[in-house]
Amino acid sequence: MTALQRKTDNPIAHLTEEDIENLGAELDAIRAQVIAGRGERDAAYIRKVIDGQRKLELSSRAILLFSLFPPAWIAGTAGLAVSKIIENMEIGHNVMHGQWDWMRDNKIHSTTWEWDSASPSEMWKHSHNELHHTYTNVLGKDQDLGYGIMRVDEDQRWKPFYLAQPLTNFVNACIFQYGIAGYDLQIGRFLKGKTDEDVFRRQAKEVLVKIGRQMRKDYVLHPLMSGPSAPATFTANLTANLIRNLWTHSVIMCGHFPEGVQTYEKTSIDGESRGQWYLRQMLGSANISGSPWMHFMTGNLSFQIEHHLFPDLPSNRYQEIAPKVQELFVRYGLDYVSGPLPQQVASAWKKVFRLSLPNDFARKAAAAISPGNVTQAIFGRLPAQTGEAA
């Protein structure tokens, strides 16, 4: 079946240290091949995406000038929502990862890009690029893992607060850009006295300034420009932001939280080699299968595994290298966690609900609603097991 068979429930127990370092070398080779092949095709891609997104946003906002009429409201809102998703996912997220820095274009550079989101780019790059991608799925180190407000692993001590995590996760999804801004600000660390007060106050001011600028643009300036259509334009902007928040939250949940994604203890990364880091990225991420359009709308984060392996490679290359990465999973006897968007969303939310409960209670609840018990409750007995007609 595979060159390296799994021997136990430990997903890497069958790998030797030599296997892991060979795996790392093969992934380094894939990375080097992409870097050597970067060129005009990639530059043309990102410039085309940015140009298209800006035209879509401008045309959508122009349509919303007439949003008093329902068809214009629907068309303008849909266009604006799509443009905001593209700006956040395929452009902002990837530009700020440095994926296009090699072009040496100051307009498309990680040091100069400011995105259409509540979180200032410099703060986001620290919490996401430096912390999350370094400590992917390490409990207590990667705060993207549950954003500090959710229980994400059975080994985490349960607290009554976690009973509310399905609700808090839904609320966070609705206001996701503001949740990310608060997360980047590390409010929890400040409340625990782990952050310098002056630094926190300075950063809080930056966040509030950014939020104020975003709100003035979406909820004051553009509605006022619509004249009699101002109230309708206001609700259109509100709806577009809600759609963008829900979509972004869902994509990120699918990449980090479905069943089968591994988490790690702090001590497990002590002395971690390059190959071991690669392995943690492979097993700590999940993909979404689907059409090229769906991949584009996720910012190619539907290839979350490939993104975590190579976060600074151009996003348009992930689909190309995914078969090579998947072949390594098969050859080294590892699980490539992937599935359609509805399946991955359902898996992630199931985990949210399950981990909101104490471990013993969750197991008993799962047993109580097993197919066999449901059948017995309905029909008064279990189906025949040994040839008896069902």
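Me: Which helices do the buried residues of H4 pack against?
Reply: The buried residues of H4 pack against H3, H6, helix H8 (197-225), H9 and H12. This is a predicted model, in which local features need pLDDT of at least 70 and side-chain atom pairs count only at pLDDT 80 or more, while totals for chains, interfaces and linings use all residues. Residues are numbered from 1 along each chain as its sequence is written, and side-chain values use heavy atoms, with hydrogens and water left out.

Me: What do "buried" and "exposed" mean?
Reply: Buried is under 20% relative accessible area, exposed is over 50%, and partly exposed is in between, using a 1.4 Å probe and protein chains only.

Me: And what counts as a helix?
Reply: Helices are DSSP runs of H or I with at least four residues, strands are runs of E with at least two, and both are numbered from the N terminus. The protein chain comes to 16 helices and two strands.

Me: Back to H4. Which of its residues are buried?
Reply: Ser 121, Met 123, Trp 124, Lys 125, Ser 127, His 128, Asn 129 and His 132.

Me: What about H6, which residues are buried there?
Reply: In H6 they are Phe 176, Gln 177, Ile 180, Ala 181, Tyr 183, Asp 184 and Leu 185. With seven of its ten residues buried, H6 is largely enclosed by the rest of the structure.

Me: What do the buried residues of H6 pack against?
Reply: They pack against H4, helix H5 (165-174), helix H7 (187-191), H8 and H9. Just after H6, Gln 186 takes a positive phi of about 55 degrees.

Me: Where else is phi positive in something other than glycine?
Reply: Arg 104 has a phi near 55 degrees. Arg 104 lies in the loop between H3 and H4. Asn 300 also has a positive phi, about 60 degrees, and is in the loop between helix H11 (292-297) and H12.

Me: Is Asn 300 buried or exposed?
Reply: Asn 300 is buried, because its relative accessible area is 5%. Arg 104 has a relative accessible area of 75%, so Arg 104 is exposed.

Me: New topic: how many cavities are there?
Reply: The count is four cavities of 30 Å³ or more. A cavity is a set of points, on a 1 Å grid over the protein atoms alone, where a 1.4 Å probe fits but cannot get out. Points are joined across faces, edges and corners, and a volume is the space filled by probe spheres set on the points.

Me: What is the volume of the largest cavity?
Reply: About 320 Å³. The largest cavity is lined by 26 residues, and Trp 115, Trp 124, Phe 176, Thr 248 and Ile 252 lie nearest its centre. A lining residue has an atom within 4 Å of a point.

Me: Which helices supply at least two residues of that lining?
Reply: Helix H3 (70-96), helix H4 (121-132), helix H6 (176-185), helix H9 (230-256) and helix H12 (304-309) each do.

Me: What does the lining look like by class?
Reply: The lining of the largest cavity has nine nonpolar, 14 polar and three charged residues. Ala, Val, Leu, Ile, Met, Phe, Trp, Tyr, Cys and Pro count as nonpolar, Asp, Glu, Lys and Arg as charged, and the others, Gly among them, as polar.

Me: Different spot. Where is Leu 27?
Reply: Leu 27 lies in helix H1 (residues 17-37). Leu 27 counts as buried because its relative accessibility is 0%.

Me: What is Leu 27 in contact with?
Reply: Leaving aside neighbours within four places in sequence, Leu 27 is in contact with Tyr 278, Met 282, Leu 309, Phe 310 and Leu 328. A contact is a pair with heavy atoms within 4.5 Å. Leu 27 and Tyr 278 are 251 residues apart in sequence, yet their C-alpha atoms are 7.9 Å apart.

Me: What does UniProt list for residues 62-82?
Reply: An unreviewed UniProt entry lists residues 62-82 as "transmembrane region". UniProt positions follow the numbering used here, feature names are shortened, and annotations may be inferred rather than shown by experiment. In the model, residues 62-82 are 71% helix and 0% strand, with the end C-alpha atoms 15 Å apart.

Me: Last one: what is the mean pLDDT?
Reply: The mean pLDDT of the protein chain is 88, and 89% of its residues reach 70 or more. pLDDT is the predictor's confidence in each residue, from 0 to 100. pLDDT stays under 50 over residues 1-8 and over residues 382-390.

Notes. 1 Å grid on protein atoms, 1.4 Å probe; cavity = no way out; pocket = protein on both sides within 12 Å on 5 of 7 lines; lining within 4 Å.
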